[in-house]
Amino acid sequence: MVEEVNRPVGMPDPVVAPVNEQLWRAAAAGRLEVQRCTGCGAHRYPPTDGCYRCTSREWGWSALPGTGTVYSYIWVPDRARSAGRDEPVLYNVAVVTLDATQGDPVRILSNVIDAWQQHDLQVGQRVTFASVPFTAAEAAEMALPCFRILR
């Protein structure tokens, strides 16, 4: 049985590049990893070639515990799922501050997949990592780092 997740219908998979590929592969393996500068130790997201703190171009990947706090969110109408309904079907876009990072707070733009109603999300709410596989067959070993409400 495939679990239904609250994500927009028809959303394309992200573009995979050398600078971000490990993020998607780690998510598929059930881990939340972000880049970490080997020069100053700062974690960062989104993945980039250079460090925002020390400008080093040396970096690796660092596994995080996969928990965080909702920093902000919005609800967006899903036009495909709303067609023919009296009330719009909504999905959320959430900014999550990740736990256990070094440097400035690391915030990831994502989705809380088990939040279906507007009252399901709140700023300050605790969430935990959830892996959502890419839809394209050729990207079967990649997934999106999403979140679930921590209960």
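Is Ala100 buried or exposed? Ala100 counts as exposed, at 53% relative accessibility. Here buried means under 20% relative accessible area, exposed over 50%, and partly exposed in between, with a 1.4 Å probe and protein chains only. This is a predicted model, in which local features need pLDDT of at least 70, side-chain atom pairs count only at pLDDT 80 or more, and totals for chains, interfaces and linings use all residues. Residues are numbered from 1 along each chain as its sequence is written, and side-chain values use heavy atoms, with hydrogens and water left out.

View 1. Ala100 sits in the loop between strand 5 and strand 6. Strands are DSSP runs of E, at least two residues, numbered from the N terminus. Phi of Ala100 is near 65 degrees, a positive value in a residue other than glycine. Thr55 belongs to the loop between strand 2 and strand 3. Its phi is near 70 degrees, again positive and again in a residue other than glycine. Thr55 is exposed, with a relative accessible area of 64%. Most residues other than glycine have a negative phi, and most peptide bonds are trans.

View 2. The bond from Tyr45 to Pro46 is cis. Its omega is near 5 degrees. Pro46 is found in the loop between strand 2 (43-44) and strand 3 (59-64).

View 3. Strand 1 covers residues 32-37. Of its 6 residues, 5 are buried, so the strand is largely enclosed by the rest of the structure. Two strands pair if DSSP finds at least two bridges between them. Strand 1 and strand 3 run antiparallel and are joined by 6 bridges. Val34 has Ser62 as its bridge partner in strand 3. Strand 1 and strand 2 also run antiparallel, with 2 bridges. Here Gln35 is the bridge partner of Arg44, in strand 2. These two strands, strand 1 and strand 2, form a hairpin with 5 residues between them. In the turn, Gly41 has a positive phi of about 85 degrees.

View 4. How many disulfides does a search of the whole structure find? The search finds 0. A disulfide is a pair of cysteine sulfur atoms within 2.5 Å. The sulfur of Cys37 is 3.6 Å from the closest cysteine sulfur, in Cys54, too far for a bond. Cys40 is in no disulfide either; the nearest cysteine sulfur, that of Cys51, is 3.7 Å away. Cys37 is buried, with a relative accessible area of 3%. Cys40 counts as partly exposed, at 31% relative accessibility.

**View 5. The largest pocket.** About 320 Å³ of space lies in this pocket. Its lining has 19 residues, and the closest to the centre are Val5, Arg7, Val132, Pro133 and Thr135. A pocket is an open set of points on a 1 Å grid over the protein atoms alone, where a 1.4 Å probe fits, with protein on both sides within 12 Å along at least five of seven lines; lining residues have an atom within 4 Å of a point. Grid points are joined across faces, edges and corners, and a volume is the space filled by probe spheres set on the points. Strand 7 (126-133) and strand 8 (143-149) each supply at least two lining residues. The largest share, 3 residues, comes from strand 7. By class, the lining divides into 10 nonpolar, 3 polar and 6 charged residues. Ala, Val, Leu, Ile, Met, Phe, Trp, Tyr, Cys and Pro count as nonpolar, Asp, Glu, Lys and Arg as charged, and the others, Gly among them, as polar.

**View 6. The second largest pocket.** This pocket has a volume of about 250 Å³. It is lined by 17 residues, with Arg7, Met11, Leu109, Ser110 and Leu144 the closest to its centre. Strand 5 (90-98), strand 6 (107-110) and strand 8 each give two or more residues to the lining. The lining has 13 nonpolar, 3 polar and 1 charged residues.

**View 7. Pro77 and its contacts.** Pro77 lies in strand 4 (residues 67-77). At 48% relative accessibility, Pro77 counts as partly exposed. Which residues does Pro77 touch, not counting those up to four places away in sequence? They are Pro88, Val89, Leu90 and Tyr91. Contact means heavy atoms within 4.5 Å. Pro47 is 30 residues from Pro77 along the chain, and their C-alpha atoms are separated by 28 Å.

Notes. Helix = DSSP H or I, 4+ residues; strand = E, 2+ residues; numbered from the N terminus.
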